Amino acid sequence: MTEAFHQHRNLLFAVAYRVLGSAADAEDVVQDAWIKWSAADRSQVADPKAYLARIVSNLALERLRSARHQRETYVGPWLPEPILTTADSADAVTGADSVSTAMLVVLETLSPLERAVFVLKDVFGFSHAEIAEAVERSEPAVRQAAHRAREHVRARRPRFPADRAKQRAVTERFLAAATGGDVNTLMELLSPDVTLWTDGGGKVRQALRPVTGAETVAGWFAAIGTVTYQGVAPADVVTELTEINGGPGLVFHGPDRVLATVTFDFDAEGRITTLHNVANPDKLGAVAAGTVHGLGPSGTVA
């Protein structure tokens, strides 16, 4: 019983996280799935993977529906909870896209059913029949939901992203320019219509509306080295470049806690088109814990 569950545990977290956009909620769902698995008559289970995926999908859908109202009344922009990731996977490209902050933001605009179907079908390769059983819908309904979700996602995701090496190089230059207060270099790295989204959840002072334009965004980040942030003096802030949600990102550390993360979207030329800044302390637990998640379909933890 224990071995079968732990064999698929990483997959279960990976599904739940992509459906919910919250590492904390995904961990809760996995724990609830363990309770249900422990109480099940496993002699009737022919395929533990499919059975567990069904449990997690239903639990995640239930939790997502209940979370919708909270997210609609959220203070300022709602962004997904960041996680640390690793690209050491043959499925790194597909996995990185499916767990990127930008993708999770797009998935947030789908209905709960469409989101679950898209994750199970397009990310993890479950059949329509398996998904129909998992989400307790007819197979034709699942096919329709998958088609709607796929078209919706395609219309909103960039088609020609920069390669990973270029993304990391741009992020390194961005970090150096931001910590050095180099506005000119920052503006070179930013798309003219760049947008910065900040999530403080009403607990940390952040912009309540998106910040747009290269000049404004450059000025925002050029102040990093001179302005006290969340009560922490600039000299006491340590900024780490690491992989977050499948791409290069920044983690801002204070003496005793993680202060914020920043992730990026890039165009084909490698210019930054979107920045997502998460500073809500309730959403930084997964990064602070230091758990690193793989990007492939197994969701392997490194």
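Guide: Let's start with a helix axis: it's a line fitted to the C-alpha atoms of the stretch in contact, and angles between axes run from 0 to 180 degrees, taken between N-to-C directions. Keep in mind that what you have on screen is a predicted model.

Visitor: Okay, so how do I read two helices packed together? Take α1 and α2: at what angle do their axes cross?

Guide: In general, a packed pair of helices is described by two things, the angle between the axes and the distance between them. Here, the axes of α1 and α2 cross at roughly 145° and come within 8 Å. The crossing, with α1 passing α2, is right-handed.

Visitor: Which residues of α1 and α2 make the contact?

Guide: From α1 you get Thr2, Ala4, Phe5, Arg9, Leu12, Phe13, Ala16, Tyr17 and Leu20. From α2, the partners include Ala26, Val29, Val30, Ala33, Trp34 and Trp37. Sorted by class, this contact has 14 nonpolar, two polar and three charged residues.

Visitor: I clicked on serine 38. Which helix does serine 38 lie in?

Guide: Serine 38 lies in α2.

Visitor: How do I read the word for an angle? Say, α3 and α6: at what angle do they cross?

Guide: Helix α3 (residues 48-72) and helix α6 (residues 112-123) cross at roughly 135°, with axes that come within 10 Å. An angle from 65 to 115 degrees would be roughly perpendicular, and one over 145 roughly antiparallel. The pair α3 and α6 is therefore oblique. Their crossing is right-handed. On the α3 side, Ser57, Leu61, Leu64, Arg65, Arg68 and Arg71 make the contact, and on the α6 side Pro112, Leu113, Arg115, Ala116 and Leu120 do. That gives six nonpolar, one polar and four charged residues.

Visitor: And α7 with α8, how are they angled?

Guide: Those two pack at about 105°, with axes 9 Å apart. So α7 and α8 are roughly perpendicular to each other. His128, Ala129, Ile131, Ala132 and Val135 of α7 meet Glu139, Val142, Arg143 and Ala146 of α8. The classes in this contact are six nonpolar, one polar and two charged.

Visitor: What about the inside? Which residues of the largest nonpolar core touch the most other members?

Guide: A core here is a set of buried nonpolar side chains joined by contacts. In this model the largest one has 53 residues, and Val15, Tyr17, Leu107, Phe124 and Val135 touch the most other members. Several helices give two or more residues to this core, among them α1, α2, α3 and α8. The largest share, ten residues, comes from α1. A second, separate core has 31 residues, including Leu190, Val211, Val217 and Phe264.

Visitor: Is glycine 270 buried or exposed?

Guide: Buried is the label for anything under 20%, so glycine 270, at 4% relative accessible area, is buried. You'll find glycine 270 in the loop between β6 (258-266) and β7 (272-278). Leaving out residues up to four places away in sequence, glycine 270 touches Ala162, Lys166 and Val170. Arginine 168 is 102 residues apart from glycine 270 along the chain, with 9.5 Å separating their C-alpha atoms.

Methods. Residues numbered from 1 in each chain as written. Predicted model: local features only at pLDDT ≥ 70, side-chain atom pairs only at ≥ 80, totals over all residues. Heavy atoms only, no water. Helix = DSSP H or I, 4+ residues; strand = E, 2+ residues; numbered from the N terminus. Parallel < 35°, antiparallel > 145°, perpendicular 65-115°, else oblique. Left-handed = near helix turned anticlockwise from the far one by under 90°. Contact = heavy atoms within 4.5 Å. Nonpolar A, V, L, I, M, F, W, Y, C, P; charged D, E, K, R; others polar. Core = buried A, V, L, I, M, F, W, Y, C linked by side-chain atoms within 4.5 Å. Buried < 20%, exposed > 50% of the residue type's maximum accessible area, 1.4 Å probe, protein only.
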